[in-house]
Structure formats: structure tokens, C-alpha cells
Amino acid sequence: MTVSTGRDAIVCGDCLDVLEARPAGFADLAYVDPPFNTGRHLTAARARYADRWPDVEAYLAFLRPRLEAAHRALTPRGSILLHCDWRTVHHLRLLLDDLFGIEFMPSEASGRGGGGFVNHLVWVYGLGGSSRRRFARKHDDILFYAKSAEYYFHPPLVPATSNRMKGQMKKATDVIEVPSINNMAAERVGYPTQKPLALLELLIGACCPEGGLVLDPFCGSGTALVAARRLDRRALGIDISPDAVDIARARLEEAEISLPRL
């Protein structure tokens, strides 16, 4: 099933199948927020899914071809933001090193199209429990890689926190402080891994040019799609869950985007 306006679309299916059926080089940014391999069944008011693989090798075997498909989908100036956490970030950084390259260099020398590592971002969200056996885990990781040294980037501005710059804005660092969605937040839609709109607006505004296309191959509740539309970017969302597709479609409709069923 595809839901589309001609400008934005949501496809229900496995992102590997969907992306392999499309021509290469159509996306300016891939925001990839896959299952984290938490070992749990995640459940919320309107959706549920299993987030469990037998071991990390099986998880990486699942994710690698889908990241390869996302890499193929990017334009020569495109980039990827891979959202993950402490469980697999070290494995996924090596995987992206292999797909994109480590340092930017001419494509004939690298054999990987001249791409490379840009940033290891840390999203600090604040909420969550504490532990008597370890430092409290209060962040996710976002790996930023680009397909070439000519990737698009517009430095986002955030409020300064120092007394010297009080009331002013400054360029964001690789530590992004955006609160997670609390139980009373108006934007909460009942999806177990929903990310805050403010986070996606910051990332998309920085990494996708105006009028460009954002690919979200695990679109879940559709936050990246809504953020893209609010910022005048186009979007393609893919999810294997019909529940997720319905939630994302409803959010886009609430954002005054008409997405008739095809």
C-alpha cells in the first residue's frame, strides 16, 4: 500500500524491497531509525512490534543490506543519519565506515565514492530511570556520514547557555539537548519509539537542502516526515507495519497534508 500526494509518500513494506525497486540517487538525506535490538517486544497504545534478534550478528545481517540500499538511494551530495544506542553503535559505526568510507578522498582512491564520517552526534534526552549499578543512560547516538565531501550542511542554531551569550544563539555542537516526549506531550501519538519533532527539525534543517527529499526507511510514527514537510522538504517514509503507516498518515493529515489512499 502506498499513500501519496505526489510530493510526499508513505509505503507499507520492507524498506529493502521498496528501495531496490526504485532508481538510485533520489534522496538528499536518509534518516534511519531502525529497531535497536533491545531484546523486547515494544508496545504502546496504538502499535507494537518485536525488537529482538538471536544475536548481534543476526541483527547486523538484517541491517546491512538495508543500509546499503539507503546508500544507493542517496544523491552524490546526500548523507545519512543513523539513529542507534549503546547496544550496537560500535558495530554500526564500523559498518558505515565500510559502506561510506572513513575519510573523504577522491572516489578513484577510496573505491567508495569519496564518502566518509562527519559526526558522532549524541542526543541527550534527560528522561528515564536511574541505576545503582551504573551511570544512568540518558542519551542516544546518531551517526552522520556523507556520500562525498560535497555534502549539504547548514549549521543549526540553538540558544546559548553561557552568561556571556545570554539571550543569543550559537551553532549547535555534536551534543544535542532536546527533551524526550513525556506522557503529557501534545505530540505524543502512542507509538513506542516516537522521537520528538524538535529533534528531527534540527537534524533535517541542518542536513537536507530546502526542497530536497528526506528518506525514512523505518518511519514508525512519521516524525521525520512531518518535520520534513514543516521545513519545506519532500519525504518518502517506509514501514513494514500497517499500524505505523496509519499513524504516520494521520499525523500528516493533522499537519494539513492530504494523503489520499491509492
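Mentor: Start with a term. A helix is a DSSP run of H or I, at least four residues long, and a strand is a run of E, at least two; both are numbered from the N terminus. Also remember that this model is predicted.

Trainee: How many helices and strands are there in the protein?

Mentor: Seven helices and 13 strands. The protein has 262 residues, and 49% of them count as buried.

Trainee: What share of the contacts joins residues 24 or more positions apart?

Mentor: Take the contacts with a separation of 6 or more. Of these, 67% are between residues 24 or more positions apart.

Trainee: Now the helices. How many residues of helix 6 are buried?

Mentor: Buried means under 20% relative accessible area. Helix 6 spans residues 223-230, and six of its eight residues pass, which leaves the helix mostly covered. The buried ones are Thr223, Ala224, Leu225, Val226, Ala227 and Ala228.

Trainee: What covers the buried residues of helix 6?

Mentor: The cover includes helix 5 (197-207) and helix 7 (242-254), along with strand 2 (8-12), strand 3, strand 12 and strand 13 (234-239).

Trainee: Which residue takes a positive phi just after helix 6?

Mentor: Asp232, with a phi of about 65 degrees.

Trainee: Strand 3 is part of that cover. Why is strand 3 largely enclosed by the rest of the structure?

Mentor: Count its residues. Strand 3 covers residues 27-32, and six of the six are buried, so the rest of the structure largely encloses it.

Trainee: Which strands do bridges join to strand 3?

Mentor: Five bridges link strand 3 to strand 6 (residues 74-84), and the two run parallel. Two bridges link strand 3 to strand 12 (residues 213-216), also in parallel. For a close look, find Val32, whose partner in strand 6 is Leu82. Then find Leu29, whose partner in strand 12 is Val214.

Trainee: How do side chains sit along a strand?

Mentor: In a regular strand they alternate between the two faces of the sheet.

Trainee: Next, the nonpolar cores. Which residues have the most contacts inside the largest one?

Mentor: Leu67 and Leu92, in a core of 35 residues. Helix 2 (residues 56-73) supplies the largest share of this core, seven residues. Apart from it lies another core, of 33 residues, including Leu29, Ile204, Cys208 and Val214.

Trainee: What does Leu67 touch, leaving out residues up to four places away in sequence?

Mentor: Leu67 touches Val32, Ile80, Leu82, Leu95, Leu96 and Leu99.

Trainee: What kinds of residues make up the lining of the second largest pocket?

Mentor: Seven are nonpolar, two polar and two charged. Look for these among them: Val158, Pro159, Thr161, Lys170, Glu177 and Leu202.

How values were computed: Residues are numbered from 1 along each chain as its sequence is written. This is a predicted model: local features need pLDDT of at least 70, side-chain atom pairs count only at pLDDT 80 or more; totals for chains, interfaces and linings use all residues. Side-chain values use heavy atoms; hydrogens and water are left out. A nonpolar core is a set of buried Ala, Val, Leu, Ile, Met, Phe, Trp, Tyr and Cys residues joined through side-chain atoms within 4.5 Å. Buried means under 20% relative accessible area, exposed over 50%, partly exposed in between (1.4 Å probe, protein chains only). Contact means heavy atoms within 4.5 Å. On a 1 Å grid over the protein atoms alone, a cavity is a set of points where a 1.4 Å probe fits but cannot get out, and a pocket is an open set with protein on both sides within 12 Å along at least five of seven lines; lining residues have an atom within 4 Å of a point. Ala, Val, Leu, Ile, Met, Phe, Trp, Tyr, Cys and Pro count as nonpolar, Asp, Glu, Lys and Arg as charged, and the others, Gly among them, as polar. Two strands pair if DSSP finds at least two bridges between them.
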